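Let's walk through this one together, one question at a time. Have a look around first, and then we'll start.

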Amino acid sequence: QVQLVESGGGLVQAGGSLRLSCAASGRTFSSYAMAWIRQGPGKEREFVAAITWSGVSTYYRDSVKGRFTISRDNANNTVYLQMNSLKPEDTAAYYCAAKYRVTLSTAYDYWGQGTQVTVSS
């Protein structure tokens, strides 16, 4: 099992950047694929990005490709989401999630509490 705690959210102007972090507890962090999933106001949760346990492969939803970068540091049990060129439509609660096998959906087994990202126009 793994416990996840996100940080780094906040208010930013359109075109700005934020870096989200997700700290994981547990000795098996490096066994899990990790993902960022978001839920905007009045919307369903949607997959944003994922990274395999090794960090070799990454995946993104089309609307964030070229703007967001997911990465991980297995030595420090942390996964990151670098978000550049932010748009108002990126406004959402962002969740870190874990699963043994990567999936490009919201079907992850372990979740953090979320961190709010608000992008003003």
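Reader: What does C22 count as, buried or exposed?

Author: C22 has a relative accessible area of 0%. Buried means under 20% relative accessible area, exposed means over 50%, and partly exposed is in between (1.4 Å probe, protein chains only). So C22 counts as buried.

Reader: Before we go on, what kind of model is this?

Author: Residues are numbered from 1 along each chain as its sequence is written, and side-chain values use heavy atoms, with hydrogens and water left out. Local features need pLDDT of at least 70, side-chain atom pairs count only at pLDDT 80 or more, and totals for chains, interfaces and linings use all residues, since the model is predicted.

Reader: OK, back to C22. Which residue does a disulfide join to C22?

Author: The structure holds one disulfide, that is, a pair of cysteine sulfur atoms within 2.5 Å. Here the S to S distance is 2.1 Å. The partner of C22 is C96.

Reader: How many residues apart in sequence are the parts that C22 and C96 tie together?

Author: C22 lies in strand β3 and C96 in strand β9. Strands (E, at least two residues) and helices (H or I, at least four) are DSSP runs, numbered from the N terminus.

Reader: Why does the disulfide of C22 and C96 count as left-handed?

Author: C96 is buried too, with a relative accessible area of 0%. The handedness comes from the torsion about the S-S bond of C22 and C96, which is about -80°.

## The cores

Reader: Which residues touch the most other members of the largest nonpolar core?

Author: A nonpolar core is a set of buried Ala, Val, Leu, Ile, Met, Phe, Trp, Tyr and Cys residues joined through side-chain atoms within 4.5 Å. The largest one has 28 residues. Its members with the most such neighbours are M34, W36, V79, L81, M83 and Y94.

Reader: Which elements give two or more residues to this core?

Author: You can trace them along the chain. They are β3 (18-25), β4 (33-39), β5 (46-51), β7 (68-73), β8 (78-83), β9 (92-99) and β11 (115-120).

Reader: Which residues does M83 touch?

Author: Contact means heavy atoms within 4.5 Å. Skip residues up to four places away in sequence, and M83 touches G16, S17, L18, L20, R67, F68, Y94 and V117.

## Charged partners

Reader: Which residue does R38 meet in a salt bridge?

Author: The structure holds six salt bridges, each a side-chain nitrogen of Lys or Arg within 4 Å of a carboxyl oxygen of Asp or Glu. In this one the N to O distance is 3.0 Å, and the partner of R38 is D90.

Reader: How many residues apart are R38 and D90?

Author: Both residues are buried. The salt bridge between R38 and D90 spans 3.0 Å. It links distant parts of the chain, with R38 in strand β4 and D90 in the loop between β8 and β9, and the separation in residues is 52.

Reader: Which residues do salt bridges with shared partners join into one network?

Author: Another salt bridge joins the side chains of D109 and K99 at 3.7 Å, N to O. The network through shared partners is made up of R38, E46, R61, R67 and D90.

## Rings

Reader: Why is the pair of Y32 and Y110 edge-to-face?

Author: The structure holds three aromatic pairs. Rings of Phe, Tyr and Trp (its six-membered ring) pair if their centres lie within 6.5 Å; planes under 30 degrees apart count as stacked, over 60 as edge-to-face and the rest as tilted. For Y32 and Y110 the centres are 5.8 Å apart, and the pair is edge-to-face because the planes lie at 90°.

Reader: Which residues do ring pairs link into a cluster?

Author: Y32 is buried at 1% relative accessibility, whereas Y110 is partly exposed at 24%. The cluster linked by ring pairs consists of Y32, Y100 and Y110.
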